[in-house]
Amino acid sequence: LHVFIATSDLHMSRKLRMTPDQVLERIDDAVRYAASLCPDVEFSAEDATRSDRAFLARALAAAVRAGATTINIPDTVGYAAPNEFADLIRFCRETVPGLDRVCLSVHCHNDLGLAVANTLAGIEAGALQAECTVNGIGERAGNAALEEVVMALHVRRPYYRAETGIALRRINRASRQVYDTIGQTPSLTKPIVGLNAFAHESGIHTHGLMTDPSTYEIMDPAELGIPKVRIVLGKHSGKHAVAERLTEMGYLYTEEELNTCYQRLMELSDQKKYIGDSDLEAILLNKRRAEGTYRLESFDVHTNKFTSSTCVIKLRRENEVVEEVSLGRGPINAAYNAIDKITGHICEEMRSYQIHSISDGNDALGEVTVKLRSGDRFVTGRGLSTDIIESSILAYLNGINKLIDMQ
């Protein structure tokens, strides 16, 4: 059980409208009650970095006496600087009675872009637990990014003298799965997991890399499930080659998933000559998107500069194929209007529409992401194809099917 209460003067007086003594009494009551229900109780002093240190020490001591097994020092609004945060952690360790008998934790926000730096500073100062999120996703500007903290500790082991036990080869996969789930993509320059994290263009850099990769790479991409040697798959690649490649990339899969992935790869090879890692990964992660109440059978789009676009679309629902035609301000709008006719206008609003390339070349896979609203329900739909209109249709159908499942 994790319980918390604010300890800064600002929060106590303006938000809680409680005196310091009342806060101490509340800490004792809440932690003792939690400890009577659960053997593992964490207490957080909200806004610890803006709290009076003497009072913070009293609050933490009260939590320890009441039975807390983890004491968490949060930088709730991302206010602290790394040296300042490390000094606070050392102060708490030296001042709070009994703190050596519990787990000391840190929880940093990224409002000033210092969440990872503060987390590492806290670990260096003696914290045994670091609260992070995959890709740094969280309140406001986010939290400390798990992948960045983990790799900093791994690469700088002699300095930090700390281990996490996290399987490094799963980091890239976990990051992409989270981005996929929330309908976003990482920034190109996102540390560790961005597409350019291990890309080099400068002649000086590439020459050094060819001589010795450690000249410009402080991490081995293979450790993260991003092998340096790219095996290009194509129509003549066997299922074994696909399985081996997925394993090298750090993915676990069932035989059914492998068969589905291989079949989709063979279909895709008719549309593009070479299939790279990003294509294969997209196929595996997106194989369920075409499933749902409605499935795309076919579409026929006509568009030109001077008249409205038209789209004839066929969707399958169980054993029935339904066909509709509609006009639109462009081919994608026409396709969406035709889908709405078939599905009953379940989507009330499209909040966003985004396109990005999954792979390189003029035959690259294009992924479309749409965010749809129906009442108070919001969903993300995604579609993947070498044809951007087909990607757009698949993304919209994916979202529509999710809305139907939520009814």
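Select Phe 43 to begin: not counting residues up to four places away in sequence, Phe 43 touches Val 3, Phe 4, Ile 5, Ile 27, Val 31, Ala 59, Leu 60, Ala 63, Ala 68, Thr 70, Ile 71 and Asn 72. Keep in mind that this is a predicted model.

In soluble globular proteins, nonpolar side chains tend to be buried together.

Now select helix 3, residues 53-66. Its 14 residues reach 20 Å from first C-alpha to last, close to the 20 Å expected at 1.5 Å a residue. Helix 3 is largely enclosed by the rest of the structure, because 10 of its 14 residues are buried. Colour the buried ones: Phe 55, Leu 56, Ala 57, Ala 59, Leu 60, Ala 61, Ala 62, Ala 63, Val 64 and Ala 66. Around them, show helix 1 (9-16), helix 2 (20-37), strand 2 (42-46), strand 3 (70-75) and helix 4 (82-95), against which the buried residues of helix 3 pack.

Then look at the two ends. At the start of helix 3, the backbone nitrogen of Ala 54 has a side-chain oxygen of Asp 52 within 3.3 Å. Just after the helix, Gly 67 has a positive phi of about 115°.

Conventions: Residues are numbered from 1 along each chain as its sequence is written. This is a predicted model: local features need pLDDT of at least 70, side-chain atom pairs count only at pLDDT 80 or more; totals for chains, interfaces and linings use all residues. Side-chain values use heavy atoms; hydrogens and water are left out. Helices (H or I, at least four residues) and strands (E, at least two) are DSSP runs, numbered from the N terminus. The expected span of a helix is 1.5 Å times one less than its number of residues. Buried means under 20% relative accessible area, exposed over 50%, partly exposed in between (1.4 Å probe, protein chains only). Contact means heavy atoms within 4.5 Å. A polar contact is a pair of N or O atoms within 3.5 Å; within protein, one must be able to donate a hydrogen and the other to accept it, and residues adjacent in sequence count only if both atoms are side-chain atoms.
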